[in-house]
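Here are my notes for your read-through, as numbered points. Please keep the viewer open beside them and check each one as you go.

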Amino acid sequence: AVGYPVGAGIHRLADLDVTSHGLLLRDGAFLTTDALALTAGSIAECALYGALRADREPARRLAGPVVPLAGPGHLIFGHWLVDFLPRLFLLQRAGFDLATLTYLVPANTPGFARDLLRLVGIPQD
């Protein structure tokens with residue numbers, strides 16, 4: 001479908017802010033890229049759940065690499081099956097040890113999603 005990535009891969013991005021919806025910001029602007037399915041439409045969809053501001057100060061700063069497990073639909077079981085768990089599969093296939101990575105998940109991540117993460121060997125913390 002138009003507007004969605006063709007293929008899959010692992011992307012390394014640096015010096016970004018991440019919203020609770022998994023949107024990416026740099027220098028006060030939302031980033032859009034078809035490669036990550038971050039489009040103007042996905043930003044507009046996230047705005048339906050509350051005001052989005054690109055100039056907001058981050059709540060926390062993390063040093064080092066993190067794996068974002070967030071995005072539109074993170075409250076929905078089906079999105080975990082088709083959007084988020086496959087990310088973990090790709091990381092594992094690329095040689096990463098899932099249990100040693102740092103993950104970024106929203107505070108309101110549902111219990112079923114946290115259970116799925118534990119089942120694949122990702123600690124609660």
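Predicted model: local features only at pLDDT ≥ 70, side-chain atom pairs only at ≥ 80, totals over all residues.

1. Glycine 9 sits in the segment before strand 1, which covers residues 17–18. With a relative accessible area of 39%, glycine 9 is partly exposed, because that value falls between the 20% and 50% cut-offs.

2. Now the overall layout. The chain contains 3 helices and 5 strands, and from the N terminus on they follow the order β-β-β-α-β-α-β-α. Of the 125 residues, 25% are buried. The accessible surface is about 8,500 Å², and carbon and sulfur atoms account for 57% of that. If we take contacts between residues at least 6 apart in sequence, 54% of them join residues at least 24 apart.

3. The average pLDDT for the chain is 79, and 79% of the residues score at least 70. Where is confidence lowest, and where is it highest? Helix 1 (residues 40–47) has the lowest mean, 74, whereas helix 3 has the highest, 94. Residues 1–6 have a pLDDT below 50, and this stretch makes 7 contacts in the model beyond near neighbours in sequence.

4. The largest nonpolar core has 13 residues. The members touching the most other members are Leu69, Trp80, Leu88, Leu98, Tyr103, Leu117 and Ile122. Two elements, helix 2 (77–93) and helix 3, each give two or more residues to this core. Helix 2 supplies the largest share, with 5 residues. There is also another core apart from this one, made of 5 residues, including Leu23, Leu24, Ile43 and Cys46.

5. Leucine 69 deserves a look of its own. Setting aside neighbours within four places in sequence, leucine 69 is in contact with Trp80, Phe84, Arg87 and Leu88, as well as with Tyr103, Leu104, Val105, Pro106 and Leu117. Leucine 69 is also one of the core members named above for touching the most other members.

6. On to the rings: how many aromatic pairs does the structure hold? There are 2. One is formed by phenylalanine 77 and phenylalanine 112, with 5.4 Å centre to centre and 65° between the planes. The pair counts as edge-to-face because its planes are over 60 degrees apart. This pair links distant parts of the chain, since phenylalanine 77 belongs to helix 2 and phenylalanine 112 to helix 3, 35 residues apart. Phenylalanine 77 is partly exposed at 41% relative accessible area, and phenylalanine 112 is partly exposed at 28%.

7. The other pair is tryptophan 80 with phenylalanine 84, which is tilted, at 4.8 Å centre to centre and 55° between the planes. Both residues lie in helix 2, 4 residues apart, about one turn of the helix.

8. Next, a polar spot in a loop. Histidine 74 lies between strand 4 (67–68) and helix 2. Its relative accessibility is 6%, so histidine 74 counts as buried, the cut-off being under 20%. What does the side chain of histidine 74 join in a polar contact? The partner is the side chain of asparagine 108, at 2.8 Å.

9. The side chain of threonine 109 reaches the backbone oxygen of proline 106 at 2.6 Å. Neighbours within four places in sequence aside, threonine 109 is in contact with His74, Trp80 and Arg114.

Terms used
Residues numbered from 1 in each chain as written. Heavy atoms only, no water. Buried < 20%, exposed > 50% of the residue type's maximum accessible area, 1.4 Å probe, protein only. Contact = heavy atoms within 4.5 Å. Areas by Shrake-Rupley, 256 points an atom, 1.4 Å probe, with all protein chains shown as cover. Polar contact = N/O pair within 3.5 Å; in protein donor to acceptor, adjacent residues only side chain to side chain. Core = buried A, V, L, I, M, F, W, Y, C linked by side-chain atoms within 4.5 Å. Phe/Tyr/Trp six-rings, centres within 6.5 Å; stacked < 30°, edge-to-face > 60°. pLDDT = per-residue confidence, 0-100.
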